[in-house]
Amino acid sequence: MALDGSLIGRSYPPGRVYEVSREKIREFADAIGDDHPAYRDPEAAKALGYPDVIAPPTFPIVFSLEAALAAASDPAVGVDYTRVVHGEQRFEYSRPLRPGDRLLTSVEIVAARTMAGSDMLTLACSSATEEGEHVVTATCMVVGRAPGDSA
């Protein structure tokens with residue numbers, strides 16, 4: 001079944017608050033194998049002009065993925081979640097993420113199309129502090145592979 005173009009603009013409110021911590025930043029940097037000192041050492045981050053350690057650029061996947069999957073698995077959207085793969089990802093920042101940020105992430109469907117039987121859903125996951133300061137928007141495409149596509 002082809003995705004309905006009227007899905008574009010559908011939004012999902014924020015779920016739970018995600019709090020960024022030094023330890024979460026360090027764990028993520030370790031997981032991706034990035035040893036940049038600004039992710040671990042507050043003094044190294046201060047030498048670069050930041051008030052504390054900062055998170056690697058791809059860190060928002062930690063909290064935006066949950067929000068994106070909630071939208072992608074919405075039965076009204078109609079994507080077969082059992083056949084979903086990650087298509088693409090990009091991040092647009094207002095400022096770096098840092099410890100103490102308490103973020104709420106809302107989601108909006110920005111594109112929906114079906115091509116060669118596969119559903120392609122693009123989601124913008126906008127994360128802001130509890131006070132409303134925008135920090136980052138993570139935009140991703142999830143692809144619901146066509147039945148019979150085993151790739």
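## Strand pairing

Two strands pair if DSSP finds at least two bridges between them. In this predicted model, strand 3 (residues 84-93) and strand 6 meet that criterion with nine bridges, in the antiparallel sense. Within strand 6, Ala138 stands opposite Phe91.

Strand 6 covers residues 134-144 and has another antiparallel neighbour, strand 5, joined to it by ten bridges. Thr122 has Met141 in strand 6 as its bridge partner. For Leu123, the bridge partner in strand 6 is Cys140.

Strand 5 also pairs with strand 4. Here the sense is antiparallel and the bridges number twelve. Ala128 in strand 5 is the bridge partner of Leu104.

## Hairpin turns

Strand 4 and strand 5 form a hairpin with two residues between them. In that turn, Ala116 has a positive phi of about 55°.

Strand 5 and strand 6 also form a hairpin, with four residues between them. Gly132 lies in this turn and has a positive phi of about 100°.

Strand 5 spans residues 118-129, and eleven of its twelve residues are buried. The cut-off for buried is under 20% relative accessible area. Strand 5 is therefore largely enclosed by the rest of the structure.

Strand 6 can be read the same way. Ten of its eleven residues are buried, so strand 6 is largely enclosed by the rest of the structure. Its bridges run to strand 5 and to strand 3.

## The largest pocket

The largest pocket has a volume of about 230 Å³. It is lined by 14 residues. Closest to its centre are Gly15, Arg16, Phe63, Glu66 and Ala67.

Which elements give two or more residues to the lining? They are helix 3 (61-72) and strand 4 (102-115). Helix 3 gives the most, with five residues.

What is the make-up of the lining, by nonpolar, polar and charged residues? Ten residues are nonpolar, two are polar and two are charged. Arg16 and Glu66, both among the residues closest to the centre, count as charged. Phe63 and Ala67, also among those closest to the centre, count as nonpolar. Gly15, likewise in that group, counts as polar.

Definitions and conventions
Residues numbered from 1 in each chain as written. Predicted model: local features only at pLDDT ≥ 70, side-chain atom pairs only at ≥ 80, totals over all residues. Heavy atoms only, no water. 1 Å grid on protein atoms, 1.4 Å probe; cavity = no way out; pocket = protein on both sides within 12 Å on 5 of 7 lines; lining within 4 Å. Points joined across faces, edges and corners; volume = space filled by probe spheres on them. Buried < 20%, exposed > 50% of the residue type's maximum accessible area, 1.4 Å probe, protein only.
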